[in-house]
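Please brief me on the sheets, helix packing and aromatic contacts of this model. Keep it short and give the cut-offs.

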Amino acid sequence: CTKKECYKMLDKKENMNLETYGGYIAKVIFNNGQSIEINKNDIVIFVGPNNVGKSQALKDLYALCKKKEAPIVVGDIEIVKYDTKPDKLLKTMSVITDHGTYQKYSGFGYDLGSYDIDRYKSDKYYGELRSVFVAYLNTLNRLKISNPADLISRKAAKTHPIHYVAFEQKYRQWISANFKKAFGEELIPFTQNGNNIPLCIGKQVKFNEEFSDEQTRQEAYEKVLETYKQVQDQGDGIKSFTGILLYLMLDYYSIFLIDEPESFLHPPQANIMGRIIGETLSDNQQAFISTHSEEIIKGLLEVCPERVKVIRITRVKDNNSFSILENKKFSEIWKDPLLKYSNIMASLFHKEVILCESDSDCRMYSIIENYLKGEKGKYSGTLFIHCSGKHRMARIANALKALNIQVKLIPDIDVLNDVNIFKGIVNAFGIEWKMVEKSYNTINANLHSRKEKIVRTDFKNTVLDILDNSDTTTLSNKEIKDITVSLKIESKWETLKKSGISALPSGDATQAFDELNEILKQAGIFIVPVGELECFVKQVGGHGPDWTNKVLEKYPDLSDRVYDEIKNFIKIVCNL
């Protein structure tokens, strides 16, 4: 069951109303003065290259939740508190000791005096109550929290998340079900272990035989659990995954700060973790996540795209910049199934992205780009993404540019054949249409052929002439060919795609293309000069992935001169 479903089993008095306790970060102000409004249920994802401040942003947020300090990436935050009287909540989850003039509240991660609660009521930050409402899940915290908890009695205050798993069914069911999603086995608290409570991994213990008394049954249960693996003895992947679950299940937290939740996990498990985070957080809980994993983002988008905000951090020397992709933008992209299952999310972690029409284009261009950089002793930091056609190019470019990602585009030359698609692309790359309109119209006018439509009466007369010239029962091959020719529309665009700019009419059309092409290249749009990818190596016939495979099989040595033309093109595109 999900956490929400498990909570339905609770009495209303036991299930705390999260609108009453805790609060949320309503605004984040970055160190460059830029700010962003945050909704109470947003899942904010920090992405970007290494060493730009993603993890530091989480540290800053955690520090600022307590008091105003001198952070590095985040300058300040604004907090909205649901209520200024957390006494009732603390009494349900704390060890309370009376010290005469004040009371002390102790629990998981906190040690508070009643005077801290008094300060909390007037403080703009959480103060000492930060640990009650804000969960900071860095790698070390996640690994440590999965260690066994001290043994307590059932009625004692719970000072460790494992205590909740051990003594409350809703937590036990939830964490076991979600652990099973990733690892295929369940989690079981071992309360009979001795002076501590570890989490065991395995199947739920069920006995078929009858026992003479309860004590005997418990002894048999204990013997089975003693044979099970325990979380603290497993690899960091299992420990980190379990640690995140232990924090997420605690419903009194209203803000989660999660640093690289994909750490130690295989991609499928990272995707599951993203889903679990999105499914678990209630409408009164926020999360701020630093990640290098597109799978974490994909998992979140699968279950709650409307809650996701992405903030891409970049840095030049000591100056940070922040680009924001709002919830609506992500929802738009995610509605397109072809984009949903593409590698577009990987672009968030690259310095440069090159958009192509098809997967085969991406493959061949990226192979050549890697080869050229390898010759210079460099590694490629460029990601090639296919758009599944021209009509998605503008939408993807707009989304990536909103995140300050350097985007380039390689379209086939027939991108000029559809004015609406071409206009959208031009606008996406920041070019005003009036700058290219005259050149475009000149090219377009020169590429109209005399026969672009079939007149019904002309076609009818042609067919009747062919039929009347013979009395045979069936049509001959020549007659079929003549009818087919009469149906064929002559198009200079087809010739242009097969031959490239060399097929442009001399004079105005060629001059107009040169002027247009120069503006496009300056903006990052590089039209394939030979028409389409397959025309770079005409020694091999075919199209698409099959053509790419045939070329690489026939010419496995990328230093072969057959690749000279495509290499020269990629050198221009990638500024090599």
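The points below cover sheets, helix pairs and ring contacts.

This is a predicted model, in which local features need pLDDT of at least 70, side-chain atom pairs count only at pLDDT 80 or more, and totals for chains, interfaces and linings use all residues. Residues are numbered from 1 along each chain as its sequence is written, and side-chain values use heavy atoms, with hydrogens and water left out. Helices (H or I, at least four residues) and strands (E, at least two) are DSSP runs, numbered from the N terminus.

**Six-stranded sheet**

- An open sheet of six strands runs in the order S8-S14-S15-S3-S16-S17, with mixed pairing. Two strands pair if DSSP finds at least two bridges between them.
- Strand S8 (134-137) and strand S17 (319-325) are the edge strands, and each pairs on one side only.
- Neighbouring strands of this sheet are turned by 15° against each other on average, direction ignored. Axes are lines fitted to C-alpha atoms, for helices over the stretch in contact, and angles run from 0 to 180 degrees between N-to-C directions.
- S8 pairs with strand S14 (residues 255-259) in the parallel sense over four bridges. Ala135 has Phe256 in S14 as its bridge partner.
- S14 and S15 also pair in the parallel sense, over five bridges. Ile255 stands opposite Gln286 in S15.
- Strand S3 (residues 43-47) runs parallel to S15, joined by four bridges. Ile43 stands opposite Ala287 in S15.
- Five of the five residues of strand S15 (residues 286-290) are buried, so S15 is largely enclosed by the rest of the structure. Buried means under 20% relative accessible area, exposed over 50%, and partly exposed in between (1.4 Å probe, protein chains only).
- In a regular strand the side chains alternate between the two faces of the sheet. From S15, Gln286, Phe288 and Ser290 point one way, and Ala287 and Ile289 point the other way.

- Three strands form an open sheet in the order S19-S18-S20, with parallel pairing.
- Strand S19 (382-386) and strand S20 (406-410) each have a single partner strand, so one side of each is left without a neighbour in the sheet.
- Here neighbouring strands are turned by 25° against each other on average, direction ignored.
- Strand S18 (residues 352-356) pairs with S20 in the parallel sense over five bridges. Val353 stands opposite Val407 in S20.
- Helix H15 (residues 359-375) packs on this sheet and touches S18, S19 and S20. The direction of H15 makes about 165° with that of S19. Contact means heavy atoms within 4.5 Å.
- Elsewhere, strand S5 (residues 95-98) and strand S6 (residues 103-107) run antiparallel, joined by four bridges. Asp98 has Gln103 in S6 as its bridge partner.
- S5 and S6 form a hairpin with four residues between them, and Gly100 in the turn has a positive phi of about 80°.

**Helix packing**

- H8 and helix H10 (residues 236-248) pack at an angle of about 145°, with their axes 10 Å apart.
- H8 passes H10 in a right-handed crossing. A crossing is left-handed if the near helix is turned anticlockwise from the far one by less than a right angle, and right-handed if clockwise.
- The H8 side of this contact includes Trp174, Phe179 and Phe183, and the H10 side includes Ile238, Phe241 and Leu245.
- Helix H18 (residues 433-446) and helix H22 (residues 508-523) pack at about 145°, with their axes 8 Å apart. Their crossing is left-handed.
- Among the residues in contact are Met435, Val436 and Ile443 in H18 and Ala512, Phe513 and Leu516 in H22.

**Aromatic pairs and charges over rings**

- The structure holds 20 aromatic pairs. Rings of Phe, Tyr and Trp (its six-membered ring) pair if their centres lie within 6.5 Å; planes under 30 degrees apart count as stacked, over 60 as edge-to-face and the rest as tilted.
- Tyr164 and Tyr171 form an edge-to-face pair, at 5.2 Å centre to centre with 75° between the planes. Tyr164 and Tyr171 are both buried.
- Phe179 and Phe183 have ring centres 4.8 Å apart and planes at 35°, so this pair is tilted.
- Phe179 and Phe183 are four residues apart in helix H8 (residues 169-183), which means that about one helical turn separates them.
- Phe179 is buried at 0% relative accessibility, whereas Phe183 is partly exposed at 22%.
- Phe108, Tyr247, Tyr252, Tyr253 and Phe256 are linked into a cluster by ring pairs.
- Arg130 lies over the face of Tyr62, at 3.7 Å from the ring centre. Lys158 lies over the face of Tyr164, at 5.7 Å from the ring centre. A charge sits over a ring if NZ of Lys or CZ of Arg is within 6 Å of the ring centre and within 35 degrees of the ring normal.
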